[in-house]
Amino acid sequence: YYFTSATGLENHLDGTPHWNSGTGPRNGGNAGLYGISMPQFYAETFTPIGGSGVTTRIGHFEGILGAESLRAVGNFFYSHSYVFQYGQPITNTGMMFNSVIAPDVEMLGGFTQGWNNFESPNGKLSYVGGVAVRSSSGDQRIRLTVQSGREDAAGLNPRTSYCLLFDQNFGGGLRYLFEHDLGIQDDAAINDAGQLDEAMWYGITQYLMYVVDSTTEVGMRFEWFRDQDNARVLGVPIARLVDGGNYFGLTMGARLRNSTGNIIVRPELRWDWSDVSAPDLNVNGVYDDFSDKNQFTAAVDVILLHP
């Protein structure tokens, strides 16, 4: 719930929780470990105009950037990548238009209340758009999406991010997915001179997945996320206090189905490493309560689908 909470819905405009607990281990002690969020509720219409018509989505829905989804069933792995959690908008509220303008070309665009906002804190809109192109064989797909707007409370500093996806199906059950993201925001970091400066984050995430048979898939994800100003993950964008800014993750897992396909089990093993530290603050890493540069986790979840 914590990563899908929207300003003006689950959270007040000042960032304090609306109906969830305001105390707990998250957000420096200002948010509970467990809570409730409503990441999607929208209406969708289809207008039969032009060659393929236009689909319009109005309401609160997941962001258009990235390969991963809010819905567990839409992801291969149980855990999420760094860029999904910290480098791109998870939810949007507004209006989106989508149309297939050619047999293998899809266009989308619209406007929203901004990153993870149900209500914009500054009254300004963000703009989103993108294009997806598929090869005639259907084995390759390229998708470029962009979101831009003024996300700070005063509405003065623009933030722009883009995501490039390349999806390759090699046949024989083998699939490769490449994702590159980059984001920039004005006056969101503090440099060594104590002056406001531009904050930037970027990274690469790669997936390799293989279908063994109708009930078993195995996969691997390797990611690098660079939060060069520590403005996204830690939210401490002060260059002279925090060193590093690189996050690496290697995840290996499986996606297991029963014979009817309505039960999915996703076990995974994951290793994370980061060079982030703050010697003056006695911070030796970002893991294990800011005491370690490495982290190893094992996890499993079960998804039950309506038969």
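**Notebook: spaces and surface**

I began with the largest cavity, which holds about 40 Å³ of space. I am working with a predicted model, and I keep that in mind throughout.

**Entry 1: the cavity**

How many cavities of 30 Å³ or more does the structure hold? I found 1. Next I looked up what lines the largest cavity, and I noted Glu62, Gly63, Leu65, Glu68, Leu70, Phe84, Gln88, Pro89 and Ile90. Sorted by class, that lining has 5 nonpolar, 2 polar and 2 charged residues.

**Entry 2: the second largest pocket**

Then I turned to the second largest pocket, where about 930 Å³ of space lies. I counted 37 lining residues here, and the closest to the pocket's centre are Gly66, Ala67, Glu68, Arg71 and Arg143. Glu68 was already in my notes, as part of the lining of the largest cavity.

Which strand gives the most to this pocket's lining? My answer is β2, with 5 residues. I also wrote down the strands that each supply at least two residues to the lining: β1 (41-47), β2 (54-62), β3 (91-102), β4 (105-112), β6 (140-150), β7 (158-171), β8 (174-190) and β9 (196-213). By class, I have 15 nonpolar, 10 polar and 12 charged residues in the lining of the second largest pocket.

**Entry 3: a nonpolar patch**

Now for the surface. I found a nonpolar patch formed by Phe170, Leu174, Leu208, Tyr210, Val212, Val218, Met220 and Met252. Together these residues have about 670 Å² of accessible area. β9 and β10 (216-227) each supply at least two residues of the patch, and β9 gives the most, with 3.

Why does Leu208 count as partly exposed? Its relative accessibility is 36%, and partly exposed covers the range between under 20% for buried and over 50% for exposed.

**Entry 4: asparagine 75**

Last, I looked up Asn75, which I found in the loop between β2 and α1 (82-87). Is Asn75 buried or exposed? I noted a relative accessible area of 7% for Asn75, so this residue is buried, the cut-off for buried being under 20%.

I also checked Asn75 against Thr160, which is 85 residues apart from Asn75 along the chain. Their C-alpha atoms are separated by 25 Å.

Note on methods: Residues are numbered from 1 along each chain as its sequence is written. This is a predicted model: local features need pLDDT of at least 70, side-chain atom pairs count only at pLDDT 80 or more; totals for chains, interfaces and linings use all residues. Side-chain values use heavy atoms; hydrogens and water are left out. On a 1 Å grid over the protein atoms alone, a cavity is a set of points where a 1.4 Å probe fits but cannot get out, and a pocket is an open set with protein on both sides within 12 Å along at least five of seven lines; lining residues have an atom within 4 Å of a point. Grid points are joined across faces, edges and corners, and a volume is the space filled by probe spheres set on the points. Helices (H or I, at least four residues) and strands (E, at least two) are DSSP runs, numbered from the N terminus. Ala, Val, Leu, Ile, Met, Phe, Trp, Tyr, Cys and Pro count as nonpolar, Asp, Glu, Lys and Arg as charged, and the others, Gly among them, as polar. Patches are made of residues with over 30% relative accessible area and no salt bridge: like charges are joined within 9 Å, nonpolar side chains (Val, Leu, Ile, Met, Phe, Trp, Tyr) within 5 Å. Accessible areas come from the Shrake-Rupley method with a 1.4 Å probe; for residues, only the protein chains shown count as cover. A salt bridge is a side-chain nitrogen of Lys or Arg within 4 Å of a carboxyl oxygen of Asp or Glu. Buried means under 20% relative accessible area, exposed over 50%, partly exposed in between (1.4 Å probe, protein chains only).
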